[in-house]
Amino acid sequence: MLTPPEAPKRPETHRLHDRQRNDDYGWMKDPDWQKVMRTPEVLDPEIRKYLEANNAYTESVLAPQKAMIDGLFDEMKGRIKEDDSSVPSPDGPFDYYHRYEQGGQHPVFCRRTYVDGETAEEEIVLNGNVLAEGTSFFRIAACRQSPDHRLLAYAVDTSGSEYTTIRIKDLESGELLADEIGSAQGDLAWSADSSTIFYTILDDNHRPCEVRRHRLGEDTTKDALVYNEEDPGFFVGVGKTESGRFVAISSHDHTTSEIRLVPADAPDEEARLIAARQTDVEYDVADHGERLYILTNIEGAEDFKIVTCPLEDTAPASWQDLVAHEPGRLIKHIRLFADYMVRLETVQGLPRIVITDLTRSEEHAIAFDEQAYDLGMQSGYLFDTTSLRFSYSSMTTPPRVYDYDMATRERVLRKEQEIPSGHNPDDYVTARITVPSYDGAAVPVSLLYRKGLKRDAAAPLLLYGYGSYGHSMPASFSTNRLSLVDRGFVYAIAHIRGGMDKGYHWYSDGKLLAKKNTFLDFVAAAEGLIEAGYTRKGQIAIHGGSAGGMLVGAVANMRPDLLKAVVGEVPFVDVLNTMCDDSLPLTPPEWPEWGNPLAEATAYDYIASYSPYDNVSAQDYPHILATAGLTDPRVTYWEPAKWVARLRELKTDKNLLLLRTNMDAGHAGASGRFDRLKEVALVYGFLLRVYELD
C-alpha cells in the first residue's frame, strides 16, 4: 500500500470569544471515547479503518527497511542483560527485589530471607510473565507487600488506558483473596496492621478523584470514602511517608498542592489537612518524631526551601525555615531517615545530593566528576538506617547503583548496568555547551558522540527536547541511543525553558503566555549546534514525545528549513481543541500550564498562535513520523491522527509522512520490554532511511 490514506474532510465550526476556528478532522474523535479507553473493540469502525490504513501504509513504506529494523531490534536487545535483577532492598526479615527471566517481557517480583547468615531460597511473590499470558497489553502499576509480609497488593493494567484492577495475594498459600477492586489508578498504601488498603479511583473522565479505604474481606462496593476531590482541575494520589507512620493523601495540579495525613495505625481516623491549598503554592511532607519536614515554595521561595513544624500545629504560620531559599539552587526532593535528612537539588543545571546529620546539624555533599550526569535517590523500606541508595549515570556511563553510608561517608558500588554486547565509555564523548536564545537566555545542550568526530558539519544530528511541566531532561545513559551514535549521529538534548533544568524560573519562563520561549530555545539550540560545527542546516532530526511532540510539531511549523526529519511520539499537537474540551482527562488540571482558553480570550489567542495542528500551512515540511496509542488517556489517539491528516492536505513537499498507531497500547507504548524495543527500532529505522544510512 504505497498510496497514503486520504482522510475525508467534515468541517466543524467552533465559536468562542468572538473567534471562529474550523476543524475538518474532528470526526476522528470517537464520541464514546471513554468506552474506547476501557474497551478498545468498540472504536467507531470508520475511525479504526483510517488508523489501520495508516498503519498499513507505514508498514509498506518502511518495508525496504525491514531487515534493518529487525537488525536494530536485535542490536538493542543484545545490549540488555535478559536475566537482570535489581539490587535487593531489606524490609524486616526479607530482602525484596525484582528480576527478569531469559526471554521474559515482564518483571518477576521476589524476596529472600536469611538463615544463619546464609541467603535462603528465593520466593517469587508475583510473576509478571505468568499474569501477562493471553493479554495483548500488560503492565504492573503497583506492587506492595503488607507490613506483616503475609500479603501482597498489586494493580494491573491490561489495556494501556491506565485503568487498573487491584488484587490481594496471600503469600503463604499463594492464593488470591476474593477482594477485587476495579477502575483504580494504581496508587496503594497499607495500614500498619495489614488489614486495610487505601487506593485511588478514576472517574468516568479518567481523573483520579477519590481515595477509598478497603478492609480485607469486606464488600468492595461498600468501601469507605476517605477523600473526594471536587475540583476537576486537581488529581489525587495516595502513599505513605517514609517512616511508615502515616498514609499521605495528596491533591494537586501542576502548581498547587494540598496534603492530608491518616495515621497508619488508626486507618479509620479522618484524614487531617496539613495546610489548605493556596494557588501556586506547592508543598510535600515527611515526618520525623513529633515534627513535620516540609519542602515548599511558599512566601516566594521560587526554588523551594525546607521548613519544619510541630505535628500538632501544621498551619503555615508555624512553619520555620530549616534550609532557607537560595535562588539558583532548586531543591527537588527530600528524604528523611531516623538521624539524617537527604535532599536532591540542582545547581547550574547539575544535580547533587546533600546529607544533613540531624543529630549534629552538619551537612555534606556527595561529589561527582563528569561534566554532565544524572542522579537519583532510590526509595527503600528502612527508616532507621545510615544507608542511602542512589543511582548515577552519564551519557557515556551506564547506570550505577551505590549504597552510601551517611555516617562513615563510604560509597559501595552495588550494581552497574551490564551490557552483554559490550560497551567502552572511552569510545564516546559527552559534553555540555551553552547557546544563546533569541532573548539572550543561556540554553544548555548536552551532547553524545563517538570519539574522533570531525566538527566539519557533516554529521547527522538528532536533537531531543521536552520543555513542559517543569520536567528536567537528565543527561543520563541510554543503550538505545548507541545504535544511532555508532552510525555517526550526534545525539543532543536541549535543556529548554519549560523544564526546571536551571531552576524554577526556567519553568515559569516557558509556560502560559511565555510558552513560545520553549520553541524558540529549541530553535536556538539547533542553530547553535550548526554554528559550532556539529551539523549543518537541513541535517537535523528532532524528536519529542507527548508535550515534547507539541514542541517538535511547533518547531516544524516555525523552522522547517533547519530540519531533515521529525519524530513525534504520542504528540500533544491539538492543543487548542484539547484545552477547550473540559471533558478530557487532563484538560482542567493543565490549565495552569497552558492557560484556560474557555475562560480567557488572551489564553485562547496565544494557544491558537502556536498549536501545531492549528498552524499547519502550505509549505515544505521535513520527513515526519508520528505515533499514537489507541487507549492513551494523556494524548488521545485522534491528536496525531488529525495532525497527519492536515499535514497531508496542506504540505507542498514529497517527503515521508507516516502515522503508526499501536492499537493495543496507551501513552507509554508497548508494555513488554522487548516489544517496546521494536517501537524504538521502527523510529530509528525511519531515521536511517531518511539519512540513507545502513
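Predicted model: local features only at pLDDT ≥ 70, side-chain atom pairs only at ≥ 80, totals over all residues.
**Note on a pocket and the aromatic contacts**

1. The second largest pocket has a volume of about 740 Å³.

2. The lining of the second largest pocket is made up of 28 residues. R660, D675, K678, E679 and L682 are those that lie nearest its centre.

3. Turning to the aromatic side chains, the structure contains 20 aromatic pairs. One of them joins W33 and W638, whose ring centres are 6.4 Å apart. The planes of these two rings stand at 65°, and an angle over 60 degrees counts as edge-to-face, so the pair of W33 and W638 is edge-to-face.

4. Where do W33 and W638 lie? W33 belongs to helix α1 (residues 33–38) and W638 to helix α12 (residues 638–650), so their pair ties together parts that are 605 residues apart in sequence. W33 has a relative accessible area of 3% and is therefore buried. W638 is likewise buried, with a relative accessible area of 3%.

5. A cluster linked by ring pairs is formed by F368, Y373, F390, Y392 and Y402.

6. Charged side chains also meet rings. R277 is placed over the face of F234, at 4.1 Å from the ring centre. R455 lies over the face of Y534, with 4.1 Å to the ring centre.

Definitions and conventions:
Residues numbered from 1 in each chain as written. Heavy atoms only, no water. 1 Å grid on protein atoms, 1.4 Å probe; cavity = no way out; pocket = protein on both sides within 12 Å on 5 of 7 lines; lining within 4 Å. Points joined across faces, edges and corners; volume = space filled by probe spheres on them. Phe/Tyr/Trp six-rings, centres within 6.5 Å; stacked < 30°, edge-to-face > 60°. Helix = DSSP H or I, 4+ residues; strand = E, 2+ residues; numbered from the N terminus. Buried < 20%, exposed > 50% of the residue type's maximum accessible area, 1.4 Å probe, protein only. Lys NZ or Arg CZ within 6 Å of the ring centre and 35° of its normal.
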